[in-house]
Amino acid sequence: MRVHYNYLPQEFRDIDPIIIDWRELAASSEFTLGRYVEAFEEKFAKAVGAKHCIAVNNGTDALILSLKAADIGVGDEVITVTNTFYATVGAIVAVGATPILIDCDSRYQIDPSRIEDAITPKTKAVIPVHWGGASPEMDKITAICQSHNLIVIEDACMGIGASINGKSPGTFGLVNAYSMHPLKSLNAMGDGGVVATNNDELAIWMRKYRNHGMVDRNHIEFWGVNLRMQPLQCIVLSHGLDRLQSTIEQRNRNALILDAGLSQINGVTVPERLNGYTETFALYMVLCERRDQLISYLHNNEIEAKIHYPLALHQQEAAKSGCKFDPNALPVATYQADHLITLPVHQFLDETHMNYMVEKIKAFYEHS
Ligand SMILES: *Cc1c(COP(=O)(O)O)cnc(C)c1O
């Protein structure tokens with residue numbers, strides 16, 4: 001049995017409904033902004049429970065736009081976690097601010113108890129990341145930020161379809177970013193991103209900034225850029241939103257089977273699942289002894305396991321300049337980088353695949 005990591009061929013097996021809408025789009029020639037973009041923005045806003053959603057090119061642009069809207073730039077420090085995707089930190093650097101990297105907890109999420117130590121007079125914001133599609137403890141983080149007058153900008157790129165006591169990632173911070181990259185829980189046929197906010201003024205500013213600072217064809221109010229999402233992708237994503245709920249449900253069913261099976265195995269550590277938190281399982285991750293040997297063994301058994309990532313950001317060449325951290329204060333993320341594996345749990349797999357993976361991992365620890 002082969003357990004594939006990539007589910008995109010199946011996700012986009014039947015694109016007839018998309019093509020019907022694309023034909024309509026072609027006839028309308030509304031190729032920049034317009035009704036297809038607005039329809040997706042409204043549908044997405046409703047799905048996550050945000051007042052305003054602004055569709056942009058990708059998740060990285062969504063982070064950059066969020067930081068810009070929060071007026072973060074040169075001279076400002078932004079606290080985030082060292083085990084995230086490159087773009088969280090790249091976006092902070094792109095607006096001229098300094099990322100401050102702190103450690104994560106045993107659930108691979110930013111550790112709220114590390115935030116206060118990292119605050120300086122220059123600190124302006126914290127970016128909690130919904131890493132892997134699980135969520136950090138947002139109640140603790142927002143309380144700390146409130147008491148220190150810091151802005152919260154969520155990196156909810158992997159969190160579409162997750163919830164914390166009924167509330168979606170990307171609805172806790174001032175301005176928040178999502179990604180619709182093909183390997184997130186809601187997939188474009190290419191790139192896509194969204195910024196969400198409940199702040200009317202920031203929403204108006206971001207809509208203008210996304211479109212050159214234009215108020216109308218002949219007038220600009222300030223210097224902006226072009227971050228517009230393609231209407232073609234808005235159509236793909238509007239259809240994708242209809243499947244989101246069932247996608248998340250199937251991934252959770254799969255993850256539950258793995259959690260139960262893997263937690264019985266000596267050598268594997270399954271993270272705690274918090275009550276009231278629903279995860280997207282963009283990444284299903286566990287910690288494993290003899291990780292690199294295990295990965296080869298799984299690959300030999302046609303299980304497409306991955307590592308996200310073998311290096312935390314503070315271990316990257318890029319981290320030698322432009323960001324700040326105390327290398328001795330990041331033991332958890334450093335340990336996890338050496339022990340994490342990511343197993344496929346996507347919506348086109350079922351209990352047969354899950355049981356097969358549990359059996360193989362059990363065999364690895366029992367016989368080798
Ligand atoms: C994917 C991702 C991004 C970047 O999104 P893109 O759409 O690929 O630009 C940023 N942060 C996190 C945590 C991500 O998973």
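Helices (H or I, at least four residues) and strands (E, at least two) are taken as DSSP runs and numbered from the N terminus. Helix axes are lines fitted to C-alpha atoms over the stretch in contact, with angles running from 0 to 180 degrees between N-to-C directions. The model is predicted, so that local features need pLDDT of at least 70 and side-chain atom pairs count only at pLDDT 80 or more, while totals for chains, interfaces and linings use all residues. Residues are numbered from 1 along each chain as its sequence is written, and side-chain values use heavy atoms, without hydrogens and water.

The axes of α2 (residues 16-28) and α9 (residues 231-262) come within 10 Å and cross at roughly 145°. This crossing is right-handed. In the contact (heavy atoms within 4.5 Å), α2 contributes Pro 17, Ile 18, Asp 21, Trp 22 and Leu 25, and α9 contributes Pro 231, Leu 232, Ile 235, Val 236 and His 239.

The ligand is surrounded by 15 residues, each with a heavy atom within 4 Å of it. Gly 59, Thr 60, Asp 155, Ser 179 and Lys 184 are the closest. Polar contacts are pairs of N or O atoms within 3.5 Å. Oxygen atoms of the ligand lie 2.5 Å from a polar side-chain atom of Lys 184, 2.6 Å from one of Ser 179 and 2.7 Å from a polar backbone atom of Gly 59. Of the 380 Å² of accessible area (Shrake-Rupley method, 1.4 Å probe) that the ligand has on its own, the protein covers 94%.

Most residues other than glycine have a negative phi, and most peptide bonds are trans. Asp 71, not a glycine, has a positive phi of about 60°; this residue is in the loop between α4 (59-69) and β2 (77-81). The peptide bond from His 308 to Tyr 309 is cis, with omega near -5°, and Tyr 309 lies in the loop between α10 (291-300) and α11 (331-339).

Conventions: Left-handed = near helix turned anticlockwise from the far one by under 90°. Polar contact = N/O pair within 3.5 Å; in protein donor to acceptor, adjacent residues only side chain to side chain.
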